[in-house]
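Subject: Structure handover

Hello,

The structure is below for you to open.

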Amino acid sequence: MSLTANDAMIEIRPSAHPASAEERAARMTNPGFGRIFTDHMVVVPYVEGKGWGKGVLKAYGPIEMDPAASVLHYGQAIFEGFKAYKQPDGSIASFRPDANSRRFNASAARLAMPELPEEIFIGAAKALISQDKAWVPGAVGESLYMRPLMIATEAALGVRPSNEYLFVLLASPSGAYFPAGVKPVTVWISDDYVRAAPGGTGFAKCAGNYAASLVAQRQAKEEGCDQVVWLDAIQREYIEEMGGMNIFFVYQEKGETVVVTPELTGTLLPGITRDSLLQLAREQGFRAEERKISVAEWKSAIAEGRMTEAFACGTAAVITPVGHVKSRRGNWDINKGETGPVAAKLREALLNLQHGLAPDTHGWMTKIV
Ligand code: PLP
Ligand code: COI
């Protein structure tokens, strides 16, 4: 995918006080996830009837808002996450930002918010990454995490879609999502809470989904786990996804390696990493399936040795193996709590593509600068 000259749509007003090279280097040491931010951000306003206004790239900083802004009351807020990677030739490319743009608009439609043209979404990314390119880390496993969001800004307490919105794009140099790095995580299957129900907002990346998940995530922590595994709302039996990532299972069936991920039902987020891995798995010679998987099947397939691995995947988490499962229905280990060969192979294939160390045969990389 190529980028046209969108720069004209974004006015560039560089910060008068960017971080010095020393300060930047210090802040970028062991960045973790989502803790440090670059010098700039992009904002683009929307007014009903007029459409999207001129975008501005300016110094990173607070956003002023009326206390009656409807996002603060009724929660019209959506976001995305994608990454930009340093390439071997020194250029910077981002992974499938067009897919994030489409999902952003699917989320917007569900929340009765306006769609944002892809040229603005990608143009804003191009402007911000170009301006802050010194903040893109170089090591494999590190990247510049891009966080686009849209909020309802009209000062109005009536419960109806806002007539004004703000699109914001910020960028955060990032390493591993989990503090322990890529070590296998322990997950808690939530029997007490539900993330999403049919007809709800499960497929959308809206702030409310995450707000509703936090009490379950806290419970998982109290149970000694890193992440929640969500079940379907009706039968409370079928595995959907995790707190901020999708999930895959690896089976050995009659000498064949089969990777399985829960099918998209409308209640789980259609992950872009999930979609990419379904394709990469097939290219690695594995069978890849999307279907329903119950907790009972998970438990029995492990006990019978048919399931050899499980792993989480997402933009932030990349691929993170699941080593231990805890729940009210019992506890079990997967692959003795170690990273398995299929997760390792897919992780390497994905990272090689993203860092430009393998040919981009899918046209997934968008050159930024
Ligand atoms: N599921 C949830 C709830 C998420 O927040 C994310 C992260 O974006 C994912 C899955 C994985 O999606 P993606 O691979 O597009 O990052
Ligand atoms: C992402 O992977 O981009 C996510 O959004 C996951 C989480 C940080 C919310």
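The shell around ligand 1 has five nonpolar, seven polar and four charged residues. In this count Ala, Val, Leu, Ile, Met, Phe, Trp, Tyr, Cys and Pro are nonpolar, Asp, Glu, Lys and Arg are charged, and the others, Gly among them, are polar. Lys-205, Tyr-210, Glu-241, Thr-273 and Thr-315 come nearest of the 16 residues around ligand 1, where a residue is near if one of its heavy atoms lies within 4 Å of the molecule.

Before going further, the ground rules. This is a predicted model, in which local features need pLDDT of at least 70 and side-chain atom pairs count only at pLDDT 80 or more, while totals for chains, interfaces and linings use all residues. Residues are numbered from 1 along each chain as its sequence is written, chains are lettered from A and ligands numbered from 1 in the order in which they are written, and side-chain values use heavy atoms, with hydrogens and water left out.

Ligand 1 has several polar contacts (pairs of N or O atoms within 3.5 Å; within protein, one must be able to donate a hydrogen and the other to accept it, and residues adjacent in sequence count only if both atoms are side-chain atoms). A nitrogen atom of ligand 1 is 2.5 Å from a polar side-chain atom of Glu-241. Oxygen atoms of the ligand take part too: one is 2.7 Å from a side-chain N or O atom of Arg-103, and one is 2.8 Å from a polar backbone atom of Ile-272. On its own ligand 1 has 390 Å² of accessible area, of which the protein covers 96% (Shrake-Rupley method, 1.4 Å probe; for residues, only the protein chains shown count as cover).

Ligand 2 is surrounded by residues that include Phe-33, Phe-79, Arg-147 and Tyr-177. Its shell divides into six nonpolar, three polar and two charged residues. Oxygen atoms of ligand 2 lie 2.6 Å from a side-chain N or O atom of Tyr-145 and 2.6 Å from a polar side-chain atom of Lys-205. A backbone N or O atom of Thr-315 is 3.5 Å from an oxygen atom of ligand 2. The protein buries 89% of the 280 Å² that ligand 2 exposes when taken alone.

Where do the ligands sit? Pockets and cavities are found on a 1 Å grid over the protein atoms alone: a cavity is a set of points where a 1.4 Å probe fits but cannot get out, a pocket is an open set with protein on both sides within 12 Å along at least five of seven lines, and lining residues have an atom within 4 Å of a point.

The largest pocket has a volume of about 540 Å³ (the space filled by probe spheres set on the points, which are joined across faces, edges and corners). Tyr-177, Tyr-210, Gly-243, Gly-244 and Met-245 are the closest to its centre among the 33 lining residues. Helix α5 supplies the largest share of this lining, four residues (helices are DSSP runs of H or I, at least four residues, and strands runs of E, at least two, numbered from the N terminus).

There is also one cavity of 30 Å³ or more, and the largest cavity holds about 90 Å³ of space. Of its 13 lining residues, Tyr-85, Phe-95, Thr-273, Thr-315 and Gln-354 lie nearest the centre. Strand β6 gives the most to that lining, with three residues.

Regards
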